[in-house]
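Here are some notes to read beside the model. Please keep the sequence and the structure open while going through them.

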Amino acid sequence: MRERAVQRHDRLLSLVRQRGSARVTDLADQLGVSPVTVRRDVEALTGKGLLDRVHGAVSWPRRRDRAADGRAPAAEGPVLGLLAPSATYYFADVIRGAHEAAARAGARLVLRISDYRPEEDPARAEGLLSAGAEGLLVAPGWRGPGDPAEYGGWVAELPVPVVLLERSVPPGSPLAGLDRVCSDHGHGVLLALRHLIARGHAAPLLVARADSPTALAVREGYDAALRALGVPRPRPAIGSVPAELDPAGFERAVRELRAVVASGEATAALVHNDVDAIQMVQRLAELGVRVPRDLALVAYDDEVAALADTPLTAVAPPKREVGRQAAGLLMHRLRERAGGGGGGAAGGGEPGGEGLGGPGPRRHLTLLPTLRVRASCGAGSGTGAGSGTEAGSGTEAGSGTEAGAGSGTGAGAGEGT
């Protein structure tokens, strides 16, 4: 498969960073491309200030004490690197939040995308370091439960401060001692189930994927929520798959859900994610099952749930706030490293004081999702259930706030898949 330009740029930057300087012809040999291609790459990278050009060679840029006119240069803020599995759907808001917090702190954010290929994460991180990143926000492109062990060891060996984003790791993992900021998906699932049960439904079904950390956390949270509510599990979760990738598998999931509703076994369901939920509602209608008349439904992610024909009640993880808090925490670590102590702001209020006398303790910051109530939960036959639509689009009373923090662990269309 042909190497993409961004991958070649990462390798080129890494070679120059390791050597300090290199001739264009040597770089062409190392990269296995023509000197013309390397010269074009060098032109692009020097134009961005990532390399210096000197007499047929390139060198790693050095910060100079004085500008060309003899005056002190303008202060340069730190560069933060962000490695994300996607720049769309779920992670788009995480990236926006991190960018906002970095800009407020006078820092520059540099982004690399892994496309959910965890084997390529180390090279992407190296590219960020080569681009000058002094600290990294890392959301590895993990999909399955074994990926942290198989593809995660490199994160603990990074030579700069690191904050994990929307990723939890098992106790005892080499990554367990890293800073991390996560959404508490288990709490989000509990909000959804409690809301449906309060409207008179028996234990809601779970329809969910199993191909991302969020999907796995939703599945785990479902079992924990049923135990907390003292409700027996109605049946195993219905496994969902992307309709565009596996139409037959998606149709099987829809028909299984239809059969359960038609038999009277269930009147409510939690569906992960928004895209699957919208497509399922459309297909169920074609099969004679109407939301909310026959089935009360809550989606998970709240990316596009409000845009469905029948606006979907949805659990909304605090994605943008995760990015803000993570960038703020990383800035705090960089100040500690520079001897500046604590203070500053993690999206508006970083606790200070720990920097006095040395680095503060590592933090596992857990933010609570909210439930946004819309029209898709009006079905049901028990007490508290109605046949109309639910009012409003605000959050459910008693749900956690997006800025809520704790010390516990947190955890296609993007990440929501």
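1. Tyr90 has a relative accessibility of 0% and therefore counts as buried (buried means under 20% relative accessible area, exposed over 50%, partly exposed in between, with a 1.4 Å probe and protein chains only). Phe91, at 1% relative accessibility, counts as buried too. This is a predicted model, in which local features need pLDDT of at least 70, side-chain atom pairs count only at pLDDT 80 or more, and totals for chains, interfaces and linings use all residues. Residues are numbered from 1 along each chain as its sequence is written, and side-chain values use heavy atoms, with hydrogens and water left out.

2. How many aromatic pairs does a search of the whole structure find? The search finds 1. The ring centres of Tyr90 and Phe91 are 5.8 Å apart and the ring planes stand at 55°, so this pair is tilted. By definition, rings of Phe, Tyr and Trp (its six-membered ring) pair if their centres lie within 6.5 Å; planes under 30 degrees apart count as stacked, over 60 as edge-to-face and the rest as tilted.

3. The ring of Tyr90 also has the charged end of Lys319 over it, 5.3 Å from the ring centre. The rule for this is that NZ of Lys or CZ of Arg is within 6 Å of the ring centre and within 35 degrees of the ring normal.

4. The structure holds 23 salt bridges (a side-chain nitrogen of Lys or Arg within 4 Å of a carboxyl oxygen of Asp or Glu). One of them joins Glu100 and Arg320, whose closest N and O atoms are 2.9 Å apart. Glu100 lies in helix 4 (residues 90–104) and Arg320 in helix 11 (residues 319–337), so the pair ties together parts that are 220 residues apart in sequence. Helices (H or I, at least four residues) and strands (E, at least two) are DSSP runs, numbered from the N terminus. Glu100 is partly exposed at 24%, and Arg320 is partly exposed at 29%.

5. Within helix 11, Arg324 and Glu321 are 3 residues apart, about one turn of the helix. They form a salt bridge with closest N and O atoms 3.1 Å apart. Arg324 is partly exposed at 21%, whereas Glu321 is buried at 13%. A network of salt bridges links Asp93, Arg96, Glu100, Arg320, Glu321 and Arg324.

6. Asp147, in helix 6 (residues 147–151), is buried yet has no salt bridge. The nearest side chain of opposite charge, Arg143, is 6.8 Å away (Lys and Arg count as positive and Asp and Glu as negative; His and the chain ends are not counted). What lies 2.7 Å from a polar atom of the Asp147 side chain? The backbone nitrogen of Arg143 does, and the backbone nitrogen of Gly144 lies 3.1 Å from a polar atom of that side chain.

7. Two backbone details concern cis peptide bonds. One joins His272 and Asn273, with omega about 15°; another runs from Val291 to Pro292, with omega near 10°.

8. Asp301 has a positive phi of about 130° although it is not a glycine. Asp302, also not a glycine, has a positive phi of about 55°. Asp302 lies in the loop between strand 12 and strand 13. Asp301 is buried at 0% relative accessibility, and Asp302 is buried at 10%.

Conventions
Polar contact = N/O pair within 3.5 Å; in protein donor to acceptor, adjacent residues only side chain to side chain.
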